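Colleague: I have a few questions about this complex. Could we go through them together with the structure open?
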Amino acid sequence: MRMQRFGLLLICAALSATYAQVPYQRIAGADSNPGTWVTYSGNYQAQRYSQLDQINRQNVTQLKPTWMYQMRNPGIVETSPIVVDGVMYITEPPSTATALDLHTGRPLWTYTPNIPQDVIIIGSPPVNRGVAILDNTVFFGTVNCHLIALDAKSGIVRWDVAVDDNKKGYYVTGAPLAIDGKIIVGVSGAETGIRGFLDAYDAKTGKRAWRTWTVPGPGDANVESWGGTSFQHGGGSTWVTGSYDPDLHLVYWGTGNPAPDWNDDTRPGDNLYTCSLLAMDADTGKIKWHFQFTPHDVHDWDSTEVPILFDADVKGRRRKVVSMANRNGFYYVLDRQTGEFLAGAPYVKQTWTDGLDAKGRPFARRDADPKVTGTLVYPAISGGANWWSPSYSPKTHLFYQNTREMAGIYYKGDAEYKDGTAYAGGGGETKNGDAAYGAIRALESTSGKLRWEFKLLTPSLTGLLSTAGGLVFGGAEEGNFFALDSETGKPLWELQLGAAVRSPPVSFLIDGKQQIAVTAGSSLFVFGN
Amino acid sequence: MKESMRRFSGGVLVMLLIGPWTASAQGATEIEKGKQLFLGMCSRCHGVEGGGGEGPNLNRPVLSRAPDDQALAAVIRDGIPDRGMPKLRRFTDAELHAMVVYIRSLSQNTAAAVTGNLEKGKAVYQRSGCSSCHIIHGEGGNLGPELSSIGAHRAPDYLRQAIVDPAATLPRGVMAFPGHGFSEFLPVRVVTRDGREVRGLRVNEDSFTIQVRDASQLYSFRKADLQTLDKQIGQSLMPDYKSKLAGSDLDDLVAYLSSLGGGK
């Protein structure tokens, strides 16, 4: 009888292991369970660092494919997989969520919502960067601006809410962030003149818990940073997943460009809170502090890069900091309790500013502003960095960033607001060619000073993963997937995957063996030793 | 009745005086606006006033990819990426229309006259050894770019420069490989770690490998295995023909190449 009970318990334990059960505490404790990958950037600090060291400098040359998966639809793949309890959850372009058996890559379920034929996607390709998971539910956003909750075991819809009106140009490409009981999701659409926001939804019901506007409205603080009524269509998208400090109870999220992007005639002022980092109370969304990297942006330099949290000695004392390699070409270190500027330095060639003042505000050069006939500026429109994930290693204390060294020509054009149409006011031309290149750079995390670099033939759009095995994994536009020595940047392993690598790598265990997953073209690859 | 007739007549008179003048002023403003946009974004390749250059000249009545204004607007809006014309930026309908109006107005300009003799130019091409490296309609060597339709893509002045100063006109990024914006037919000199030297043209390249060909064979190298990789940017394997062409040979050769518009 006792034996029978014990057996029953074992069966229950086995079953519960195959059900996705990812309570908030499991995400908050991600670092103590490195066999899984339970949130977009691996942990709430958004470090995209794996504590696994089975794959290391000595044996990385022996990596071989474990399995591959081919996406069902054509399109650019930027998904960052979630891996937990024997299942990998991915998104496929444009708005499909799929669960794969972790041992074989065979699909377990897939869900594609009805996307209207006349869906409005202006400002980016129709991509999706991944799902979030909380308890037994998977969450993802869609190009027609819905947030959908699916049962993690079956893929059946639990709830489906419209985040906002796609007819006005709102859409979702970023992976949601699951915190305690809430799902946080950002939007795209600044190129149509949306008024940006960040939303939080009750994970069980889909009811909106809070909305924080990234552009203030009438009567709000800082609305005077917009000329006239320009705040009404002021942009400020929130399209890349942020980070979270459970102890401070603050969510950190970057905001995008003001609208119209390249024509600033109607929007004199700093245009808060565009091109900023916002620290928000996780319960209410209330902005605790903001830091604007590019006041009155005219180059489309979204600050929708991943903000990484770590603790370090800066300016004579131990601090909780948040850092970001910004699209505008500067690396920033801020005190994440107060938003105080601690350090900032260019990490790529830039010609739009004469530097930063003591508070981190740029001395912007107005002769670098877009003109009808074009203005040559470094960096190019895609920036020194962009949405692709950086990585921070608590072992080396280095901040790894895939950087772009390239000039652009910025044009000013007409801008007229009309619901759901382009409200960009010009554009940018990239100076591709022999002179442009990319580089994986290791920056000293408290200063931005260059420690080493590994040059790439062309600027690439791939995120990075650093590991306790002393490796940094990255990819190239020409299809190379590679591992560098995290201390020196020396290339240790490389494989041609046949198409541009666009998703950030992740790491996890299958049956106790470390794996690395990445996508190239329309294929997802899992490698192990 | 009389009163109303008078008013009506007055109305017609006003329309006659103002209507055409207003329309003309609008047209002039639109052409000027289109010109500004064109100067900023198009003139580097298509030449000031559409005279052509690295891109074809646009000061002609019929544009092969833009038979009507709608098609022309689509080309400006979307580019022709596989022929090297980038999608530059987003345009409002008014901006597109202004550029179409301006580009159409260029056809009233006189295109630069091609003074040479086409038939004589063909003979110059044949006796100068051009076909040892270039293919026209299936005939010739394969080291340099194909010229079967070169007249549709390059303006006469550009072709003239390509003959007398080839390095100044190395093609940029039209082919799928090695990629958008790169110098194509780029000369490279490679020395392997064991001392073997290869000189040839870059076929393709990534961060870890490079593929090279010469007149006889293909080479594939891992960069880690090379002691020297000299990418001779700004140089061309084609000799310059400045001193090799006499009299009207250059004009004739330009006339011949300009006539090559595809497999028609």
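Colleague: What does the secondary structure of chain B come to?
Modeller: In this predicted model, chain B has eight helices and seven strands.

Colleague: And how much of chain B is buried?
Modeller: Of the 264 residues in chain B, 28% are buried. As for contacts in chain B between residues at least 6 apart in sequence, 59% of them join residues at least 24 apart.

Colleague: Which helix of chain B is largely enclosed by the rest of the structure, and why?
Modeller: That is helix H8 of chain B, residues 249-258; nine of its 10 residues are buried, so the helix is largely enclosed. Among them are Asp249(B), Asp252(B), Tyr256(B) and Ser258(B), together with Leu250(B), Leu253(B) and Leu257(B).

Colleague: What do the buried residues of H8(B) pack against?
Modeller: They pack against three helices of chain B: H5 (118-127), H6 (150-153) and H7 (156-164).

Colleague: Changing topic, how many residues are in contact between chain A and chain B?
Modeller: On chain A 24 residues are in contact with 25 residues of chain B. Strand E29 of chain A, residues 426-430, gives the largest share of the chain A side, with four residues. That side divides into seven nonpolar, 11 polar and six charged residues.

Colleague: What ipTM does the predictor give the complex?
Modeller: The ipTM is 0.90, and the pTM is 0.89. For chain B the mean pLDDT is 83, with 84% of its residues at 70 or more.

Key: Residues numbered from 1 in each chain as written. Chains lettered and ligands numbered in written order. Predicted model: local features only at pLDDT ≥ 70, side-chain atom pairs only at ≥ 80, totals over all residues. Helix = DSSP H or I, 4+ residues; strand = E, 2+ residues; numbered from the N terminus. Buried ≥ 20, exposed ≤ 12 C-beta atoms within 10 Å, placed from the backbone. Contact = placed C-beta atoms within 7 Å. pLDDT = per-residue confidence, 0-100. Nonpolar A, V, L, I, M, F, W, Y, C, P; charged D, E, K, R; others polar.
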